[in-house]
Amino acid sequence: MSQTISPTAVRRMSLGGVLSYAWDAEVFTASDAMASVGLTRSTMIDVIEELVEAGLLDELENARAVGGYRKGRPARRFRLRADAAVVVGIDLAPDHIVTAVTDLRGEVIVRHSSHTDLAHDSPRERREAAASAVDDALHAAGRTRADVLALCAGVPAPVDAHGASPAHRNGFWRRMNPDLAEMFGAWAPLVRIVNDAALAAVAEESVGAARGVSDHVTVLCGRFLGAGVVVDGNLLRGAHGGVAEMVAFDHVAGVEDASGLGERVAQWARAAVETGAVSPGGTLTRLNPSEITAELVFRLAREADPDAAEIVERAGRALSIITAVLGSLFDPRRVVVSGMDATEAAQLVAAARGSVPLELDLPAPELVASELGPDVICIGAVSAALDAARAGVLDLGDDERPLSLRRAG
């Protein structure tokens, strides 16, 4: 039985097809878009005019005016109006907030960072800190909340399809995500709240070490462990957003908890100094434990300090177990070590790579280091916000968003 598609639905598909083409193109003509979208010329012109009126496309000088056309009627030229609105990506970590404001093509206008105090992370304080971080970034970009089309925030907690986090035994997850979808949704048209490791996987797939790979896991290894899982090209979430929740490693020998490997490197080095379990005359023996950071230990390991090198090897062994468990559960082709300095991630990968096959019956995934650094979650948040903008901008009611996409040029 055939199903009739309403004229409204047909119009929506036409608008969506042309806008999607414009988003990926630079300057284009109606003929350029017709070849890709498959509309008649008259329909194409009508759709383009509607998108120009909506403030989503700009009409440029015609081809003759810029010297690119000699005979006949000059072609009209258009492009996406990238400054029609902004998107916001936020990494809401326990101890810092990184916010990026970009145009509709993802060009960063402002990157703003601030530190938060773990001693003051009540839901109210967390919401205030998140709102202030966004407002500060928008102010620095010369924009306001009214200019925001889409916003995505990454949080260190499981997040379900509605942007909510489940209860936790000590309340941590809901302190990290205190109804942020509701707070941001009060003024931003398109809002996504997503687990931070899932956003790291989005970033790695979009611009990082997982490009072109349909089955991959991104492991955050900095202060806390986290994992974003993509299987058959689909980012997995689960009923409560808990796919690959790393608290499971509390029960895995050789890992024991969900603290990040970067964090452990510093902790292990401090403990070795405090207990005297370091080489006499070594570099670490001359340091106060309070002076020891993960960055320092990794640097000393690169300089062949034996104590530091052993600590990094120990972290590598833990990473090999983590990789093997995730490999057994999700069968990825690639595991990306992310969320930390690229050089340090490469050191962990080098320390772990050889022992991963020994832990698995399945073919071992390729273990690689991310080059995106600690900003990976914010990068993923921007990517997800852009996806939300592209997918949802045409569904916003005229009364809901009449002016922000018609900014003065």
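Biologist: Why is strand β4 described as largely enclosed by the rest of the structure?

Modeller: Strand β4 (residues 86-92) is largely enclosed because seven of its seven residues are buried. Buried means under 20% relative accessible area, exposed means over 50%, and partly exposed lies in between, with a 1.4 Å probe and protein chains only. Strands (E, at least two residues) and helices (H or I, at least four) are DSSP runs, numbered from the N terminus. This is a predicted model, in which local features need pLDDT of at least 70 and side-chain atom pairs count only at pLDDT 80 or more, while totals for chains, interfaces and linings use all residues. Residues are numbered from 1 along each chain as its sequence is written, and side-chain values use heavy atoms, with hydrogens and water left out.

Biologist: Which residues point each way from β4?

Modeller: Val86, Val88, Ile90 and Leu92 point one way, and Val87, Gly89 and Asp91 point the other way. The residues on both sides are buried.

Biologist: Which strands pair with β4?

Modeller: Two strands pair if DSSP finds at least two bridges between them. Strand β7 (residues 148-155) runs parallel to β4 and is joined to it by six bridges; there, Val86 stands opposite Val148. Strand β5 (residues 96-102) pairs with β4 in the antiparallel sense, also over six bridges, and Asp91 stands opposite Val98.

Biologist: How many residues lie between β4 and β5 in their hairpin?

Modeller: Three residues lie between the two strands of that hairpin.

Biologist: Turning to the cysteines, how many disulfides does the structure hold?

Modeller: The structure holds zero disulfides, a disulfide being a pair of cysteine sulfur atoms within 2.5 Å. For Cys152, the nearest cysteine sulfur is that of Cys378, 9.6 Å away. Cys152 counts as buried, at 0% relative accessibility.

Biologist: What else does Arg76 form a salt bridge with?

Modeller: Arg76 also forms a salt bridge with Glu59, whose closest N to O distance is 2.8 Å. Glu59 is in strand β2, 17 residues from Arg76. Shared partners join Glu49, Glu59 and Arg76 into one network.

Biologist: Are these three buried or partly exposed?

Modeller: Each is partly exposed: Glu49 has a relative accessible area of 34%, Arg76 is at 30% and Glu59 is at 40%.

Biologist: Finally, what does helix α8 pack against?

Modeller: The buried residues of α8 pack against α9 (294-302), α10 (306-330) and α11 (342-352), contact meaning heavy atoms within 4.5 Å. Among those buried residues are Leu261, Trp268 and Val273. Just after α8, Gly276 takes a positive phi of about 75 degrees.

Conventions:
Salt bridge = Lys/Arg side-chain N within 4 Å of Asp/Glu carboxyl O.
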